[in-house]
Amino acid sequence: PYPLYEDIRRRGLVRSSLGPWVTASHATAETVLRDRRFSSSPVHQRGYQPPSFPLGDPRAELPAGDLLTLDPPDHTRIRRLVSGAFTPRAIAGLEPWIRERAVRLLDQADARGPEFNLIDAFAFPLPIAVICHLLGVPAEDQDKFRAWGHDVVTTLEPQTSRAARHHSQASEIALAGYLRDLVAKRRSDPDDSLLSALIAVEEEGDSLTSAELVSTALLLLVAGFETTVNLIGNGTVALLGERAQWDRLCKEPELISGAIEELLRYDSPVQMTSRTATEDLEVDGTVIRKGIPVIVSIGGANRDPAIFAEPGRLMVDRPEAARHLSFSLGIHHCLGAALARLEGRIAIEELTSRFPGLAMAGTPVRRPLLVLRGFETVPVRAAA
Ligand code: HEM
């Protein structure tokens with residue numbers, strides 16, 4: 001998509017044929033993401049129709065929005081409560097567990113033979129195991145989660161077929177029903193999971209309702225693994241495509257933490273987000289009418305030459321890499337950024353230290369999605 005982004009960036013804020021404005025400029029993206037007159041909620045879009053659910057559908061009991069789509073003050077309230085349980089300390093404490101799991105997955109891949117699909121063997125199972133562990137989802141249900149999560153993300157796509165939408169709705173219903181039962185179970189039988197911590201969080205007499213807990217757990221699950229899989233997959237493909245960069249990380253593992261920022265920038269797992277103008281307003285000399293969305297191309301902003309020198313080059317020690325917008329900005333800045341960085345670092349550390357001779361064993365195949373950018377298959381050959 002990168003030549004297209006360049007073209008959009010050169011033309012400034014552009015109006016797409018579908019109606020919304022699009023920006024691929026880092027500065028404009030930053031303005032839009034930080035301006036509170038732009039909302040993440042679809043409610044403000046011109047012609048918005050609220051969804052209607054049939055009787056008995058567990059989604060009918062969910063709040064009208066989740067963290068990603070709520071506006072203040074609802075967003076502020078839920079974000080504060082969730083952050084009370086999802087603390088940096090709780091996340092840092094997960095490192096040994098994540099590393100052990102990563103090593104075990106690579107053991108299994110190694111035992112199966114020298115060639116394997118990096119996505120199926122490692123990039124996918126690692127984040128899903130982490131988020132299920134965090135939420136206290138039993139191991140035997142993880143395959144179900146993987147399938148449901150896969151289906152649910154297609155709803156993020158601007159254009160999906162009716163059949164795909166139908167299928168993803170069925171999965172969303174199943175996932176919401178499952179989480180509703182899990183929340184009820186944990187209310188009466190708490191464990192040491194994040195879900196139990198979320199149930200227990202209380203601030204000034206306020207706490208999350210059961211419906212808010214289900215909606216938050218649903219978001220954490222989907223946001224938590226469908227993105228991180230792409231950080232690991234896209235990152236490994238990028239590094240193997242620039243062998244010298246991979247070799248450098250094998251020799252200087254202390255660079256990996258910074259390299260994760262460059263991998264997030266270079267081939268961003270989330271390519272775009274959008275905001276809707278809640279009033280007529282002007283951005284960079286362009287008037288944006290109330291109710292019209294602006295699509296922020298995160299991938300485009302991450303390759304803006306005004307910020308990143310030679311943006312098409314992968315440089316694991318790029319000093320300005322952390323200025324990427326891959327986790328967005330402003331009030332919706334990714335709540336799981338620290339966890340995603342931790343998982344990405346452990347994944348690349350374990351891959352480089354165990355298989356410094358890792359090589360592509362075929363052509364990787366992309367998933368046909370626009371918002372989430374990643375691979376379905378990444379055939380690799382492992383060599384120590
Ligand atoms: C929000 C990206 C991993 C949970 C976001 C947003 C982006 C993003 C771009 C904001 C969208 C917007 O502004 O409209 C990513 C990427 C990840 C990742 C690239 C991995 C490489 C995670 C993980 C979790 C998580 C591991 C949790 C376990 C969330 C939540 C929000 C969010 C809850 C909503 C925050 C809010 O609106 O207040 N993420 N994410 N993400 N992410 Fe992530």
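Five strands build an open sheet of mixed pairing, in the order S1-S2-S8-S5-S3; strands are DSSP runs of E with at least two residues, helices are runs of H or I with at least four, both numbered from the N terminus, and two strands pair if DSSP finds at least two bridges between them. At the edges stand strand S1 (14-15) and strand S3 (38-39), each pairing on one side only. Helix H2 (residues 26-34) packs on the sheet and touches strand S2 (21-23), S3, S5 and S8, contact meaning heavy atoms within 4.5 Å. Strand S5 (residues 272-277) and strand S8 (residues 293-297) are antiparallel, joined over five bridges, with methionine 272 opposite serine 297 in S8.

This is a predicted model, in which local features need pLDDT of at least 70 and side-chain atom pairs count only at pLDDT 80 or more, while totals for chains, interfaces and linings use all residues. Residues are numbered from 1 along each chain as its sequence is written, and side-chain values use heavy atoms, without hydrogens and water. The average pLDDT (the predictor's confidence in each residue, from 0 to 100) is 90 for the chain, and 96% of the residues score at least 70.

The iron atom of the ligand has a single protein donor, Cys334 (SG), 2.3 Å away; donors are N, O and S atoms within 2.8 Å of the metal (3.2 Å for Na, K and Ca), and sites may look incomplete because water is not among the atoms. Cysteine 334 lies in the loop between helix H15 (298-301) and helix H16 (337-354). Helix H11 gives the largest share of the shell around the ligand, four residues.

Methods:
Axes are lines fitted to C-alpha atoms, for helices over the stretch in contact, and angles run from 0 to 180 degrees between N-to-C directions.
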